[in-house]
Amino acid sequence: MTASGTSGFGAEYARIVDLAKLGAMVTKTVTPRPRRGNLTPRTVETPSGMLNSIGLPNPGIEGLLAREGRAWESLGMPVIVSIAGGSASEFRDLAAALEGYRGVSAIEANFSCPNVEDGMEFATDPELLALATGAILEVSSLPLIVKLSPNVTDIRPLAVAAQQAGAHALTIMNTILGMKIDVHNRRPFIGATFAGLSGPAVRPVGVRLVYQAWPEVDIPIIGAGGIACADDALEYILAGASAVQVGTASFVRPTAALEVVEGIEDYLRNSEVGSIDRLVGLAHPEPA
Amino acid sequence: MPVLAPARVTSNAQISDILYWITFQSPEIVSSSRPGQFVHMINSDSQDPLLRRPYSLSAIDADSARASILYHAVGRGSEWLAQRRPGDLIDSLGPLGSAFEFAPGSQRVLMVGGGIGMGPLIALAGDAETAGIECVLLNGARSAEGLVPPEFIPVSTEFHAATDDGSFGAKGSVVDLVERWFGWCDQVFACGPNPMLRALEVSVKRLSPVHSSARKPVQMALEARMACGVGVCYSCVHPTRRGPKRVCTEGPVFDMRELLWDWESGI
């Protein structure tokens, strides 16, 4: 699937590539009210990666549903809507607003955007995470995916808290908080000072987090972070991911997510495992 | 419609101490390209540098399916581009963004370009020549080596230059040359660094009649830091009277009246 923030709100990429072969698209995050986003510069390239602090520009839940609510039905693939609120009740209201839209297949709760005020609270405190997860599940009939942050000392208690609160799946991981300083004017380079690091450079961190979380939970994990080709995806799958998201790589090659799907199919044809399910978590030692 | 296609390099040359001119062939991309639009190219053999680079088209020849790009070799991406040789393939996505438009009935156009902002204006001057529209093209640069050599400008285009250090043409800003042709022209087109475009806006306002409801149309192509190039990442936004707009898809060509130059107390 596509990672949130990297393929727009709907059919933006459809005019360039046919993404219908993908398992799903995850929308850019929607918030209760419209947001214009952060000051520029919003992105900068880093070694094999990029920093971004876009700041969740979006038309607000009402505006988004008016624009895309029905169009999602004809997109040709499942749509997972990414939501972010400032409180558990805002998360609940967002989830309630999505009820009844047939084009929406699941919700991804963005508890971990590093680029908005208080964006990190839910992703670093297991109790708050459980509270917001529970609030969504009170009103939602859709599968709920909780997106976790790498910006924690130990991801395991957060993964467990999400599962205990009823989440149906986890996405691991969001971007890693970083910054760049302009040495000529001696100031932070990015308009919002801090920014999230993504791209191939961060992949080892994501693979490690999935590997750590997998033994702790029974719900599926969606791996995300620096995946650009099938081998990258297979690392996540062998670490414990049942599915993967492709993000920054799509900016470079709009076909990247499709190539990952095709590459995994090739890998399966050329190996004896048969089904991808049998690869999930296979890198872990056999239980004694 | 933008397409993903290889661009096959047919020539690539340094045309001044700091300017380069690359020509490539790509029927898929060139057939629908127009001046003001850009191509987004992978400038790397590896994942570092990672992102595509946007380049405005500086000449477009649909018959031969060839287009050119005026560029500086200033970073690792464009230095990679400078090393391409005829026959090399460059992974390209385009054409992207909006194009310059001649107003109906436009007979005389003034173009103002700064640095490599000359690129899309050279392509537009080519269209003006084909359409029989008279064209004056003003080129500004810090010094002589930043000016486009005249052989790259369509022959019917009247070409003048200004340099900050006076090493060629008039000494000072290219915007200072605008007054001489502003009354003559029907329409103005500009591309260059934001400070040049801002100064041009000030100049246009000063030269326009105070109570004129029919102010001369001015189209500006913006330069911006981009990631995706196709409107999904929201990196390249520029302030406008109708909120932040994406330079890659809602631009790069904007009507000057829409543009703002500062984010007022946040966005």
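Reader: Which residue forms a salt bridge with A:E45?

Author: Happy to start there, keeping in mind that this is a predicted model. Between chain B and chain A the count is one salt bridge, and A:E45 is part of it. The closest N and O atoms of the pair are 2.7 Å apart, within the 4 Å cut-off. The partner of A:E45 is B:R53.

Reader: How many nonpolar residues does the side of chain B that touches chain A have?

Author: Nine residue pairs are in polar contact across this interface. By class, the chain B side also has five polar and five charged residues. The nonpolar residues there number 18.

Reader: What area do chain B and chain A bury between them?

Author: The contact involves 28 residues of chain B and 38 residues of chain A. Of the area buried, 64% is on carbon and sulfur atoms. The total comes to about 2,700 Å².

Reader: What ipTM does the predictor give the complex?

Author: Let's take the confidence values together. Chain B averages a pLDDT of 95, and 97% of the residues score at least 70. For the complex, the pTM is 0.94. The ipTM is 0.93.

Technical notes. Residues numbered from 1 in each chain as written. Chains lettered and ligands numbered in written order. Predicted model: local features only at pLDDT ≥ 70, side-chain atom pairs only at ≥ 80, totals over all residues. Heavy atoms only, no water. Contact = heavy atoms within 4.5 Å. Buried area = accessible area lost by both parts, 1.4 Å probe. Salt bridge = Lys/Arg side-chain N within 4 Å of Asp/Glu carboxyl O. Polar contact = N/O pair within 3.5 Å; in protein donor to acceptor, adjacent residues only side chain to side chain. Nonpolar A, V, L, I, M, F, W, Y, C, P; charged D, E, K, R; others polar. pLDDT = per-residue confidence, 0-100.
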